[in-house]
Amino acid sequence: MKIYRVAILGCRGRGTAAARAYHAHPRTEIVALCDLVEERRNTLGDEVGVSSRYADLDEMIKDTSPDIVAIPTGTEFHYDLCMQVLEHGVNIEVEKPMCIDLIQADDVIRKSEEKGVQVAVHHQGRVGSSMQAISKAYNEGKIGNLRYMYGSGKGYYGGYGLMNIGTHMLNNMLHFGKKCTSIAAHLTTGGKPISPEDVNPSPSGMGTIAGENITATLQYEGNVTGTLLQHRFKTMDTNAYTMELFGSEGRLFWKSAGAWFLPTPHYLPDGNNDKWESLDLLFPDHYDPNSSASQDDYWFVEEYVNALDEGREHTCSGKEGRHIIEMMMGIFESAAYGENVNLPQENRTHPLLRWRKENGLQPPNEMPRGYGEWLNLETKRITN
Ligand SMILES: NC(=O)c1ccc[n+]([C@@H]2O[C@H](COP(=O)([O-])OP(=O)(O)OC[C@H]3O[C@@H](n4cnc5c(N)ncnc54)[C@H](O)[C@@H]3O)[C@@H](O)[C@H]2O)c1
């Protein structure tokens, strides 16, 4: 059985999580690490026992010929780094969100096709233990025909929540919805529909955003609809980060590290006898819960190994990642222009920047990158 050679580009929080999963998996070997900061590559190198450490990614790839390069860096660097790594003809995985607009995402897909390699986007929730449990129940027909889906964020400022957390939830919902064909969205800031002045640069380098509260209706193929909420809460609430599937015979409930089934269709209230049943979470046989690898990152690696073995794309492929960006841009566009947006959209430019330009405004001024500082400034602007 082939052992896949992996290089990690970026050795901080998410690079460490990725390295732990690739290190723990029996079919992958980390052959090199790269970071601009020596201390970070040394800390991670010592933890996972990798002595090939680089500051220059081209040098790393030339010297060590990896099969996969993981790109867990700040979102504003995803596009340039994906393009630079793909030039070497190597498979990649990039952290979510894949890129900050559709022009970038199209370029990345084009380059990967030109080089004959694959792109995976690190939406690990879609392949993690809860999703495996939900998918199994769904495929066994436990809820009959899917009719409706609901997904929520954790309470970040909506536009930022969409790019940061909504990307995961849209991907989870896409697992069942398969293809989103149109979007209608309502975005408010300070309790009013957004205006071009409400367009901001995102915290954490996630492009251009708008909307304190986002409510989006998604139409999928096959007469299934979904609602995505990304509402700003007074305090963050990770318990709200959930997805529910409503079918003709029952319901399924997803949460990070939790999965439930209710044998009552969505149009009936829960009777006294209707109890949510906890579903067994599923793990690969070789996953060691005592290892430092998180189960969903481990599943993500397992899926990459299987995809490469079978000559197919990762479930969280670049094309799925691009479709998520189509949905996120569609949500912004629908609210800005007050109309339904059909996907895939022909105009690939960022809809919020286009909207500002058409209203005689320049791109928005810079704002702090850190979320706390950003939110303080934006709260002042809204409440003034
Ligand atoms: N999937 C998830 O659950 C999840 C959770 C949190 C964050 N994220 C995503 O992860 C990304 C951020 O990851 P992070 O928090 O570890 O980022 P970070 O900025 O803390 O670390 C990135 C590291 O990459 C290095 N780096 C950047 N450019 C480089 C280059 N050209 N060459 C070599 N090294 C380079 C930096 O020096 C830094 O050490 C974001 O895209 C975010 O959305 C995903």
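Entry 1: I looked up Glu 95 and found one of its polar side-chain atoms 3.0 Å from a nitrogen atom of the ligand. I counted a polar contact as a pair of N or O atoms within 3.5 Å. The model is predicted, so I note that local features need pLDDT of at least 70 and side-chain atom pairs count only at pLDDT 80 or more, while totals for chains, interfaces and linings use all residues. Residues are numbered from 1 along each chain as its sequence is written, and side-chain values use heavy atoms, with hydrogens and water left out.

A polar side-chain atom of Arg 12 lies 3.1 Å from an oxygen atom of the ligand, and one of Gln 124 lies 2.8 Å from an oxygen atom of the ligand. Taken alone, the ligand exposes 870 Å², of which the protein buries 78%; the areas come from the Shrake-Rupley method with a 1.4 Å probe.

**Entry 2: the shell.** I listed 22 residues around the ligand, with Arg 14, Asp 35, Arg 40, Thr 75 and Lys 96 coming nearest; a residue is near if one of its heavy atoms lies within 4 Å. By class I recorded eight nonpolar, eight polar and six charged residues in this shell. Asp, Glu, Lys and Arg count as charged; Ala, Val, Leu, Ile, Met, Phe, Trp, Tyr, Cys and Pro as nonpolar; and the others, Gly among them, as polar. Helices α1 (13–24) and α4 (78–86) each supply at least two shell residues. Helices (H or I, at least four residues) and strands (E, at least two) are DSSP runs, numbered from the N terminus.

**Entry 3: the sheet.** I traced six strands in an open sheet, in the order β3-β2-β1-β4-β5-β6, with parallel pairing. The edge strands, β3 (53–54) and β6 (119–122), each pair on one side only. Two strands pair if DSSP finds at least two bridges between them. Strands β1 (residues 4–9) and β4 (residues 68–71) pair in the parallel sense over three bridges; I noted Ile 68 in β4 as the bridge partner of Val 6.

**Entry 4: backbone.** Most residues other than glycine have a negative phi, and most peptide bonds are trans. I found the peptide bond from Lys 96 to Pro 97 to be cis, with omega near -15°. Pro 97 is in the loop between β5 (91–95) and α5 (102–115). The bond from Leu 343 to Pro 344 is also cis, with omega near -5°. Ser 65, in the loop between α3 (57–64) and β4, has a positive phi, near 40°.

How values were computed: A polar contact is a pair of N or O atoms within 3.5 Å; within protein, one must be able to donate a hydrogen and the other to accept it, and residues adjacent in sequence count only if both atoms are side-chain atoms.
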